[in-house]
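Subject: A structure for you to explore

Hi there,

Here is the structure I promised to pass on. Please open it next to this email and follow along as you read.

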Amino acid sequence: MRETRGTNIEVKKNNRNHIFRYLCAQTQTVSNPEIASALSMSLPTVTANTREFIEQGLVRETGELASTGGRRAKALRVAAETGLALGLDITKNHIGLALADLTGSCLAYERIHFPFAHTEDYYRRAGQELEAFFDRCQSRQTELSRSRILGLGISFPGIVDLTMQEITYSHVLGLHAIPFAEVTRYFPYPCQLLNDANAGAYAAGMHAKMPERFFYLSLSNTVGGAVFHHGTLVQGSSFRCGEAGHMTIHPGGRKCYCGKLGCLDAYCAAGILSDAAGGSLEQFFEYLDAGDVKMTALWEVYTSDLAMAVNNIHMILDCDVMLGGYVGSRIGAHIEQVREKAAGRNTFSEDGGYIRACSGGNRTAAMGAALGIIETFLEKI
Ligand SMILES: [Zn+2]
């Protein structure tokens, strides 16, 4: 009897969760009958749940929908601002700040020059920047309340071990074995830490138009990656799943920062391009657009190496590969060269249509970190 009861509770919980997630995903108001139809649930089940959500302030009635005969159905919409999440993207020279609501929408994003140092002063000041950022959000949208902040997601460019609760390693920030608590104690919110490529993949994966499984290749100061699979990130036994930056693409080749020779990172980190254009990736792509001979030659070599790596990833996983990070978010129409070269390497005569560019820009990691907080909340609904 106990087992049956447990199962019933589980079914009720799942129904409730599905209904709320459905409401969060809608851009327009919906009615109880529409929800029941979309989720193949009975109308009384849906109505009982939405009534509870309304009582809890999580859903609002916003009038009535046009009648299709009989009683007019109530128009429902999730009260998106009743749950907010902050995202903080820590990189070597900047911090990215994002604010997301329950629907996963980005309410605001800012990027500030803020060189990293693993010091008390740095984290205290980062905390102050975060509060000032929220103040600015509030001044634009007065309905936003600090008491509605569910937590803070922090993206780090390094290996983030969720079992050990520590940042195992970050070359770019010069960190080794830093317990989460050394970072999180400076922020007055429940905190979740995740790797920057994982955060990027998460932000992309929560987008309705993305496939349920894809590889996210982050091309920033370092090269990283992540596997997104049915709503979650595949972490691996050492939280290093997707570390594509250290795949060997040229045996005995250039020295990588890890000390090995020929890693992808030594060929496809964003600095390979930006260093040739005075440190600015935007400038590199402007020169490339203008037909600059030197930049065109550099892009030829870069895309050949990138296409080799992308094709290798695709051969293993047989899924879309999204180019993200600094290069992926600026690549624009130049992605065609990567597609052509990857298609040229493909044994099965596929075109390169499986290669996509990330559309989120710099905000991707900060938003992904914030969305992790929203997801934790939704799981408990
Ligand atoms: Zn390496």
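Below are some notes on what was found in it.

First, some ground rules: this is a predicted model, in which local features need pLDDT of at least 70, side-chain atom pairs count only at pLDDT 80 or more, and totals for chains, interfaces and linings use all residues. Residues are numbered from 1 along each chain as its sequence is written, and side-chain values use heavy atoms, with hydrogens and water left out.

**The zinc site**

Which residues hold the zinc ion as protein donors? They are His-246 (ND1), Cys-256 (SG), Cys-258 (SG) and Cys-263 (SG), at 2.1 to 2.4 Å from the ion. Donors here are N, O and S atoms within 2.8 Å of the metal (3.2 Å for Na, K and Ca); water is not among the atoms, so sites may look incomplete. Along the chain, the donors are spaced as H-x9-C-x1-C-x4-C. His-246 and Cys-258 both lie in the loop between β13 (232–234) and α7 (265–268), so this pair ties together parts that are 12 residues apart in sequence. (Helices, H or I with at least four residues, and strands, E with at least two, are DSSP runs numbered from the N terminus.)

The 4 donor atoms subtend angles of 102 to 119 degrees around the zinc ion, so the arrangement is tetrahedral. For four donors, that word requires all angles to lie between 85 and 135 degrees. His-246 is partly exposed, at 28% relative accessible area, and Cys-258 is partly exposed too, at 33%. The cut-offs are under 20% for buried, over 50% for exposed, and partly exposed in between (1.4 Å probe, protein chains only).

**Two helix pairs**

Helix α10 (residues 293–317) packs against helix α12 (residues 335–345) at about 50 degrees, with axes 8 Å apart. Axes are lines fitted to C-alpha atoms, for helices over the stretch in contact, and angles run from 0 to 180 degrees between N-to-C directions. The two helices are therefore oblique to each other: angles under 35 degrees count as roughly parallel, over 145 as roughly antiparallel, 65 to 115 as roughly perpendicular, and the rest as oblique. Residues making this contact include Trp-299 and Leu-306 of α10 and Val-338 and Lys-341 of α12, where contact means heavy atoms within 4.5 Å.

Now look at helix α2 (residues 32–39) and helix α3 (residues 43–55), which pack at about 120 degrees with axes 9 Å apart. These helices are therefore oblique as well. Here Asn-32, Pro-33, Ile-35 and Ala-36 in α2 meet Leu-43, Val-46, Thr-47 and Thr-50 in α3.

**Two buried residues**

Ile-19 sits in helix α1 (residues 2–25) and is buried, with 0% relative accessible area. Leaving aside neighbours within four places in sequence, its contacts include Ile-35, Val-46 and Phe-53. Ile-19 and Val-46 are 27 residues apart in sequence, and their C-alpha atoms are 7.2 Å apart in space.

Ser-218, in strand β11 (residues 213–219), is buried at 5%. Beyond neighbours within four places in sequence, Ser-218 touches Ala-197, Val-223, Gly-224, Gly-225, Gly-324 and Gly-325.

**Positive phi angles**

Most residues other than glycine have a negative phi. His-230 has a positive phi near 45 degrees; this residue lies in the loop between β12 (223–229) and β13. Phe-239, also not a glycine, has a positive phi of about 60 degrees and is buried at 15% relative accessible area.

Happy exploring!

Key:
Four donors count as tetrahedral if all angles lie between 85 and 135 degrees; four count as square planar and six as octahedral if opposite donors are over 155 degrees apart and all others between 65 and 115; anything else is irregular.
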